[in-house]
Amino acid sequence: MRHFIKISLKDEVNLIWSSDKNYRFVRVLFKDFLVPFGMPEEEKNFIELNGDILVGYADLRQDVTPSSIRDGKENFQRRIFILRDGDLENFNGNKCPIEGVDPRSLEPGVMGISPIKKSQVAVRIPPELLWKLNSYTQKSGVSQTETVIKALNEHLKLSEKLISNHLLEKTIIDLDQRVKALESKNN
């Protein structure tokens, strides 16, 4: 009997690569494991028995809730990243398998994007901002694309630092609460 629990990428803490990520794409599959982290040798052998090449996998938090229970055993659904025979030779830049993603776009908790997806974004901006953008690009000779890319890059770097600091603070608070709970149990 198998019981399913919803899977979430938010429980991922690390992506482990068995080699560099210099592939045009990797296939992303979800697989049940008896452990939330690490790659047991028998699991790796089973994956590669079918001719797949395991190039990476996701580790989950140590305290994660199992994604399913089968035959009384807890299972943890995790992402694995594989290549199949002919993947590298047959990639021509505009066609890849539906489960293929650019490995450079993968992070813990992030699904990743297709290597053939167009890199164009359409946004609506207020007229005043458009006027400023047009004025800047005409005066500086820098294209709108270059200006927007630079602005987004700077904004996202700042945002990543803020998010990282927030997560660090949250982790410290969580650890402090756990220590207090353990101390109260021991008293």
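**Entry 1: a salt bridge to start with**

I began with Asp 52, which forms a salt bridge with Arg 84, the closest N and O atoms being 2.9 Å apart. A salt bridge here is a side-chain nitrogen of Lys or Arg within 4 Å of a carboxyl oxygen of Asp or Glu. I then looked up where the two partners sit: Asp 52 is in the loop between helix 1 (41-49) and strand 4 (53-60), and Arg 84 is in the loop between strand 6 (73-83) and helix 2 (87-90), so the pair ties together parts that are 32 residues apart in sequence. Helices (H or I, at least four residues) and strands (E, at least two) are DSSP runs, numbered from the N terminus.

Is Asp 52 buried or exposed? Asp 52 is buried, with a relative accessible area of 11%. Arg 84 counts as partly exposed, because its relative accessibility is 31%. My cut-offs are under 20% relative accessible area for buried, over 50% for exposed, and partly exposed in between (1.4 Å probe, protein chains only).

**Entry 2: what kind of model this is**

I noted that this is a predicted model, where local features need pLDDT of at least 70 and side-chain atom pairs count only at pLDDT 80 or more, while totals for chains, interfaces and linings use all residues. Residues are numbered from 1 along each chain as its sequence is written, and side-chain values use heavy atoms, with hydrogens and water left out.

I checked the confidence next, using pLDDT, the predictor's confidence in each residue, from 0 to 100. The chain averages a pLDDT of 83, and 89% of the residues score at least 70. Over residues 1-6 the pLDDT is below 50, and this stretch has 15 contacts in the model beyond near neighbours in sequence. A contact means heavy atoms within 4.5 Å.

**Entry 3: the whole chain**

I found four helices and seven strands in the chain. Along the sequence they follow the pattern β-β-β-α-β-β-β-α-β-α-α. The chain has 187 residues, and buried residues make up 28% of them. I also looked at contacts between residues at least 6 apart in sequence: 71% of them join residues at least 24 apart. The chain exposes about 14,000 Å², with carbon and sulfur atoms supplying 56% of it. Accessible areas come from the Shrake-Rupley method with a 1.4 Å probe, and for residues only the protein chains shown count as cover.

How many salt bridges does the structure hold? I have 14 in my notes.

One of them joins the side chains of Asp 63 and Arg 178 (3.1 Å, N to O). This pair links distant parts of the chain, with Asp 63 in the loop between strand 4 and strand 5 (68-70) and Arg 178 in helix 4 (residues 144-186), 115 residues apart. Asp 63 counts as partly exposed at 44% relative accessibility, and Arg 178 counts as partly exposed at 49%.

Lys 180 and Asp 176 also meet through their side chains in a salt bridge (3.3 Å, N to O). Both lie in helix 4, four residues apart, about one turn of the helix. Lys 180 counts as exposed at 53% relative accessibility, whereas Asp 176 is partly exposed at 39%.

I tested the length of helix 3 (residues 127-140). The expected span is 1.5 Å times one less than the number of residues. For the 14 residues of helix 3 that should give 20 Å, and the end C-alpha atoms are 20 Å apart, which agrees. Just after helix 3, Gly 141 takes a positive phi of about 80°.

Leu 130 lies in helix 3 and counts as partly exposed at 34% relative accessibility. With Val 121, Val 123, Ile 125, Leu 129 and Trp 131, Leu 130 makes a nonpolar surface patch of about 620 Å². Patches are made of residues with over 30% relative accessible area and no salt bridge: like charges are joined within 9 Å, nonpolar side chains (Val, Leu, Ile, Met, Phe, Trp, Tyr) within 5 Å.

**Entry 4: two loop residues**

Phe 25 lies in the loop between strand 2 (12-17) and strand 3 (26-33). Phe 25 is buried, with a relative accessible area of 3%. The C-alpha atoms of Phe 25 and Pro 115 are separated by 6.4 Å, though the two are 90 residues apart along the chain.

Asp 71 is in the loop between strand 5 and strand 6. Asp 71 has a positive phi of about 55° although it is not a glycine, and it counts as exposed at 65% relative accessibility.
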